[in-house]
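Dear colleague,

I am handing over the structure we spoke about, and I would be glad if you could look through it with the notes that follow.

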Amino acid sequence: MSIQTDHTSRLDTAAPIAGKLSTLDRFLPVWIIAAMALGLLLGTFVPGLNTVLEAVKIGQVSLPIAVGLLVMMYPVLAKVRYDQAHGVIGDRKLMITSLVLNWVLAPAFMFALAWIFIPDLPEYRTGLIIVGLARCIAMVMIWNDLACGDREAAAVLVAINSVFQVIAFGALGWFYLQLLPSWLGLPTTSADFSFWAITASVLVFLGIPLLAGFLTRTIGEKAKGRDWYEGTFLPKLGPWALYGLLFTITLLFALQGGTITSRPLDVVRIALPLLVYFVAVFGAGMAVGKWLGLGYARTATMAFTAAGNNFELAIAVAIGTFGVTSGQALAGVVGPLIEVPALVALVYAALWARTRYFTASQPSA
């Protein structure tokens, strides 16, 4: 069975998509908002919680948050059919377009939005630019799966983004914070980006669950076959991805609860360009994929990969470079505050676009 046939069979069943979701999936926006609220309450009213959460770290990331990220990533990566990934790599249109969207257009667009919306607030502006440089390697797997995107394509694009992130993050930070502003006659920002910190983040938060997911599928299929693995094992494992997501969101907002609640107007000013960014980049990805004839599954994957950001890395870089109480760190924390509900809404937008603009016979490559 081809990748496209697998997705088409999942997407074209008679039952409405909402009716096929579990209670957890169907009310995901409610759970996410509740997790955010719980995190803010914990961070505001529980004395010493920040100290406890930050007591043990992996790099610059709190150990409890790291555990949540790993739990979130593993079930999604265990679903990937790795033996079909070669078909994704051979899709030149998808590969080239995704690289251009992720590493040329999206960072440049965030740079422009940061200067348009908050030219008078250099710390927040710098934080937004850092968010734009941190391409998504984690939550995109969740959004892609909920939108019935191409899991194999998502895994390959995430892996490519990870490699580029290690190689290009520091250079692009220097370009957008120092070189390009100097060319345009704008104030520059000096920042030292740690190559090894970024490498460690990618290896931990992508490498470990990717290896675990690959081994789980390989061993599980060899032991009991694909039908058992996908029909019995994955349905039991799958909900843990959302449990990990909700746990991570709660802890992340607990760490910055006091800062967010004490600066509501600053949060709004940071949120506006982020909201424009998510909607515009996602829309561009969907439009380009439709124009290129990539098919719904791979178009949705490309759009979510381009629109999402690795806020874990952005926060880690901002805290490591500018400090935990800096404006840059606050901008990083506001990222998921806007990204999570925005990308959940875009999941529904993608599913709506599938029925209106994509046909079951449209090829995936």
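This is a predicted model: local features need pLDDT of at least 70, side-chain atom pairs count only at pLDDT 80 or more; totals for chains, interfaces and linings use all residues.

Turning to charged side chains, the count of salt bridges comes to eight. One of the pairs is Lys79 with Asp145, whose closest N and O atoms are 2.8 Å apart. This pair links distant parts of the chain, since Lys79 lies in the loop between helix 6 and helix 7 (85-89), whereas Asp145 belongs to helix 10 (residues 140-146), 66 residues apart. Lys79 counts as buried because its relative accessible area is 16%, under the cut-off of 20%, and Asp145, at 15% relative accessibility, is buried as well. Asp145 also meets the side chain of Arg151 in a salt bridge, at 2.6 Å from N to O.

A further salt bridge joins the side chains of Asp120 and Arg269 at 2.9 Å, N to O. Here too distant parts of the chain are linked, with Asp120 in the loop between helix 8 (92-117) and helix 9 (122-133) and Arg269 in helix 16 (residues 264-292), 149 residues apart. Asp120 is partly exposed, with a relative accessible area of 48%, and Arg269 is partly exposed at 31%.

Finally, Arg217, Glu221, Arg226 and Glu230 are linked in a network of salt bridges.

Conventions
Residues are numbered from 1 along each chain as its sequence is written. Side-chain values use heavy atoms; hydrogens and water are left out. A salt bridge is a side-chain nitrogen of Lys or Arg within 4 Å of a carboxyl oxygen of Asp or Glu. Helices (H or I, at least four residues) and strands (E, at least two) are DSSP runs, numbered from the N terminus. Buried means under 20% relative accessible area, exposed over 50%, partly exposed in between (1.4 Å probe, protein chains only).
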